Amino acid sequence: MEATEDRPRRRQARGERRIADILDAAASVFGESGYEKATTNAIATVAGISPGSLYQFFPNKEAIAQALADRFVSRMREAHQGAFEGADFATMDLDGLLDRVVDPILAFNLDNPGFKALFARPDMPAGLTQAAAPIQAALLGRVEAVLAARVPDLAAQDRTRAARTLVQVFKGMLPIVVAAPEGEREIEVRELKKVLRGYLVPIVG
């Protein structure tokens, strides 16, 4: 009886691994060829399966792209939660604060190197490129909340301006960190935090 119950679980686990392989392959194919030129046959080839096997999980290219967008948004939300939730930012030292906020978001970008470039492509359907917009917009609000906790009397417009600047500095330096070789990445991360710290010190003290 136990062996019979195990079979559906094993099939489910295999199915989940196959879906993950297909999405990884799709990210690669979309990133190289663009959405319009990408084909399900090419995705199946990179995933190491037949087109027929691919269609057991996704009916068409649009469904694959939507699943990629869902995966991207879910992972980005988890990264933001890890960075901002459950911490006392009002009393944390500034270096600890930067480690707490920057490290999970950097890890997300390092673990998902092609997703942002993929969904910023002009040939992606608008609905997919907009899928992550609410999470990205929420990031600005989270940074503002950190500033409010550190400097409660900071004017709202100054807080918004500072949060926007911090987010843009992070985004601007992110490609340098992602592209850095393994042995040099830690140095680039320190440089990123140094720049953010230099901007924050006059604001938060």
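**Entry 1: the start of α4.** I began at N60, which caps the N-terminal end of α4, with a side-chain oxygen lying 3.2 Å from the backbone nitrogen of E62. I note at once that this is a predicted model, so I read every value here as computed from that prediction.

**Entry 2: the length of α4.** Helix α4 covers residues 61-84, and I checked its span: at 1.5 Å a residue its 24 residues should reach 34 Å, while the end C-alpha atoms are 35 Å apart, which agrees. Just after α4 I came to G86, which takes a positive phi of about 80°.

**Entry 3: the whole chain.** Stepping back, I counted 10 helices and zero strands in the protein chain, and the pattern along the sequence accordingly reads α-α-α-α-α-α-α-α-α-α. Taken along the principal axes, the C-alpha atoms fill a box of roughly 60 × 45 × 35 Å.

**Entry 4: α4 with α5.** Before looking at pairs I reminded myself that two packed helices are described by the angle between their axes and the distance between the axes. For α4 and α5 the axes come within 7 Å and cross at roughly 160°; angles over 145 degrees count as roughly antiparallel, and α4 and α5 are therefore roughly antiparallel to each other. The crossing of α4 past α5 is right-handed. On the α4 side I listed F72, R75, M76, A79, H80, G82, A83 and F84 as making the contact, and on the α5 side R100, V101, P104, I105 and F108. Sorted by type, the residues of this contact are nine nonpolar, two polar and two charged.

**Entry 5: α5 with α9.** Next I followed α5, residues 94-111, to α9, and found that their axes come within 11 Å and cross at roughly 55°. The two helices, α5 and α9, are therefore oblique to each other, and α5 passes α9 in a right-handed crossing. Here V102, I105, L106, N109 and L110 of α5 meet F170, L174, V177 and V178 of α9. I sorted the residues of this contact into eight nonpolar, one polar and no charged.

**Entry 6: α9 with α10.** How do the axes of α9 and α10 cross, and at what angle? The axes of α9 (residues 156-179) and α10 (residues 182-204) come within 10 Å and cross at roughly 165°, and the pair is therefore roughly antiparallel. Their crossing is right-handed. From α9 the contact takes in R161, A162, T165, L166, V169, F170, M173, I176, V177 and V178, and from α10 it takes in R185, E188, V189, E191, L192, V195, L196, Y199, L200 and I203. By type, I recorded 15 nonpolar, one polar and four charged residues in the contact of α9 with α10.

Methods:
Residues are numbered from 1 along each chain as its sequence is written. This is a predicted model: local features need pLDDT of at least 70, side-chain atom pairs count only at pLDDT 80 or more; totals for chains, interfaces and linings use all residues. Side-chain values use heavy atoms; hydrogens and water are left out. Axes are lines fitted to C-alpha atoms, for helices over the stretch in contact, and angles run from 0 to 180 degrees between N-to-C directions. Helices (H or I, at least four residues) and strands (E, at least two) are DSSP runs, numbered from the N terminus. Angles under 35 degrees count as roughly parallel, over 145 as roughly antiparallel, 65 to 115 as roughly perpendicular and the rest as oblique. A crossing is left-handed if the near helix is turned anticlockwise from the far one by less than a right angle, and right-handed if clockwise. Contact means heavy atoms within 4.5 Å. Ala, Val, Leu, Ile, Met, Phe, Trp, Tyr, Cys and Pro count as nonpolar, Asp, Glu, Lys and Arg as charged, and the others, Gly among them, as polar. The expected span of a helix is 1.5 Å times one less than its number of residues. A polar contact is a pair of N or O atoms within 3.5 Å; within protein, one must be able to donate a hydrogen and the other to accept it, and residues adjacent in sequence count only if both atoms are side-chain atoms.
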